[in-house]
Amino acid sequence: MGRTRLFCVLCFNDDKTGFNRVIRTHKELIACHDCGHVYNLPDVAAGEQLECVHCGNVIMTRHRNWESKVAALTATGLVLFVVANSFPFLGLEQAGQIQSSNLISGVQALLGREEFILAALVFITIFLFPLLELMGLAYLLIFRYAGVRAPFLGQVLHLLHISRPWSMLEIFLIGVLVSSIKLAGMALLIPGPGLYAFLGLVLVLISCHLFLDREEIWDWLDPDNYYANDLGEHLNACRCCDALIGDSLLELDSQCPRCGTSVHRRWPSSVQKTWALLIAAALLYIPSNILPIMRTTNLGYTVEDTIFSGVLHLAEAGDLPIALLIFIASIVIPLAKLIVMAYLLLSVSHLGTREPRQLAIMFRVTEFVGRWSMIDVFVVSILVALVQFGLLANVEPGAALLCFAGVVVLTMLAAETFDSKLIWDAYASSKESYAASSEVA
Ligand SMILES: [Zn+2]
Ligand SMILES: [Zn+2]
């Protein structure tokens, strides 16, 4: 018996929403998030990377047996997380007294001094986000192995996407190293089992993010990755799930039909928001370098250190590599980030550019290194937790610490708010005005 499919006249011709005639399908296409160019997706073998020909951004990396690798790493990571937080982390012995700390002693020490914002920042970056990442990965992989599209899998993938820059275990590890060198002359350091577990945890979490194939999971959760009214229209990529959404649909609803994340052709008021965050960071940069960041008492003698005098003391003590590391992370990087972001904003709104690729690389480097400035915040929190020997030796946080943490967070948010596709718009308009001026000549 023949069967004819009937289309409802009211729904199919309803142009008020536009959604009734949406093309919703899977296409072997992929977009670069940095510059917005869309490519036909070739076959990518395991171990290969796809690089954007325009801006040099790595769009995709495939790994062999990524699921079993990430599953083994996540299970190991969860065990290491429990060990790192349950056993002593670092001990300090001075004149027969022993001060022991665990991983989040710095948070407790800051809470005890009513430094609530700093305590929250350290707690989020070294405990909450890493734990959420591990639990999220475990949830994801359990259902992926079971072949069940469980609820909230999309939200978990979204969480893994946004939490990555704010999960800072590897930076905390460098903070531990710097603190150990600062304390080496003052007292005897006793590494605990928690520290060794923490070392392993850092490596495990980095590897998990390296191997995790988000594109494959999204394709499994919802194979449709192409939404448009017209096959020829301009496409915009969702930053979370890589779905491609036509301009005409974004005019009606800015939410990604696949994952619910906001998608825009250009992020609204990106330049204004980035300027606001950058100016606030620049204002905080001044007190963070003038005020003391740390107050140290040793044998009844108290010294207040600014970031720069701390660097000088390290250099005088002969710890030149560490002095250089702190100088770069705490003074050079925040200042360079302020200058580079201001230059990028001026380029996209006023100056224009003939070298978009260089600007795109500058932006990516700035975005990557910005979070490493948190080293000094972690160093002070570790020292405050560890060095509590009364008049004999004592470390207290200074007023600059909160300002400095503010600089790091605000510059990170400024980089997240900046729409890098504006660089390519500036390039296109510079090219047009150059062509127009050559025609006139
Ligand atoms: Zn690109
Ligand atoms: Zn999406």
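Colleague: How many helices and strands does the protein chain come to?

Modeller: In this predicted model, the secondary structure of the protein chain comes to 16 helices and 14 strands. Taken along the principal axes, the C-alpha atoms fill a box of roughly 95 × 65 × 40 Å.

Colleague: And what share of the residues is buried?

Modeller: Of the 441 residues in the protein chain, 48% are buried. As for contacts with a separation of 6 or more, 70% of them are between residues 24 or more positions apart.

Colleague: Switching to the metals, which residues are the protein donors of the zinc ion that is ligand 1?

Modeller: Cys-32, Cys-35, Cys-52 and Cys-55 are the donors, each through its SG atom, and they lie 2.3 Å from the zinc ion (ligand 1). Along the sequence these donor residues follow the spacing C-x2-C-x16-C-x2-C, and both Cys-32 and Cys-35 are buried.

Colleague: Why is the arrangement around ligand 1 called tetrahedral?

Modeller: Because the 4 donor atoms around the zinc ion (ligand 1) subtend angles of 101 to 119 degrees, and four donors count as tetrahedral if all angles lie between 85 and 135 degrees. For reference, the ideal angle for four tetrahedral donors is 109.5 degrees.

Colleague: What coordinates the zinc ion that is ligand 2?

Modeller: The zinc ion (ligand 2) is coordinated by the SG atoms of Cys-238, Cys-241, Cys-256 and Cys-259, at 2.2 to 2.3 Å. The angles subtended by the 4 donor atoms run from 101 to 116 degrees, which makes this arrangement tetrahedral, and the donor spacing in sequence is C-x2-C-x14-C-x2-C. Cys-241 lies in the loop between β10 (235-237) and β11 (244-246), while Cys-259 lies in the loop between α9 (247-252) and α10 (270-290), so the pair ties together parts that are 18 residues apart in sequence.

Colleague: Is Cys-259 buried, exposed or partly exposed?

Modeller: Cys-259 is partly exposed, with a relative accessible area of 24%, whereas Cys-241 has a relative accessible area of 2% and is buried. The cut-off for buried is under 20%.

Colleague: On to helix packing, at what angle do α3 and α14 cross?

Modeller: The axes of helix α3 (residues 105-112) and helix α14 (residues 375-386) cross at roughly 80 degrees and come within 8 Å, and the two helices are therefore roughly perpendicular to each other. In this contact Ser-105, Gly-106, Ala-109 and Leu-110 of α3 meet Ser-381, Val-384 and Ala-385 of α14, and the residues divide into 4 nonpolar, 3 polar and no charged.

Colleague: And how far apart are the axes of α4 and α14?

Modeller: The axes of helix α4 (residues 116-146) and α14 are 11 Å apart, and the helices pack at an angle of about 105 degrees; α4 and α14 are therefore roughly perpendicular to each other. On the α4 side the contact is made by Leu-118, Val-122, Thr-125 and Ile-126, and on the α14 side by Val-377, Phe-378 and Ser-381. These residues divide into 5 nonpolar, 2 polar and no charged.

Colleague: What separates the C-alpha atoms of Ile-217 and Ile-279?

Modeller: Those C-alpha atoms are separated by 39 Å, with Ile-217 and Ile-279 being 62 residues apart along the chain.

Technical notes: Residues are numbered from 1 along each chain as its sequence is written. Chains are lettered from A and ligands numbered from 1 in the order in which they are written. This is a predicted model: local features need pLDDT of at least 70, side-chain atom pairs count only at pLDDT 80 or more; totals for chains, interfaces and linings use all residues. Side-chain values use heavy atoms; hydrogens and water are left out. Donors are N, O and S atoms within 2.8 Å of the metal (3.2 Å for Na, K and Ca); water is not among the atoms, so sites may look incomplete. Four donors count as tetrahedral if all angles lie between 85 and 135 degrees; four count as square planar and six as octahedral if opposite donors are over 155 degrees apart and all others between 65 and 115; anything else is irregular. Buried means under 20% relative accessible area, exposed over 50%, partly exposed in between (1.4 Å probe, protein chains only). Axes are lines fitted to C-alpha atoms, for helices over the stretch in contact, and angles run from 0 to 180 degrees between N-to-C directions. Helices (H or I, at least four residues) and strands (E, at least two) are DSSP runs, numbered from the N terminus. Angles under 35 degrees count as roughly parallel, over 145 as roughly antiparallel, 65 to 115 as roughly perpendicular and the rest as oblique. Contact means heavy atoms within 4.5 Å. Ala, Val, Leu, Ile, Met, Phe, Trp, Tyr, Cys and Pro count as nonpolar, Asp, Glu, Lys and Arg as charged, and the others, Gly among them, as polar.
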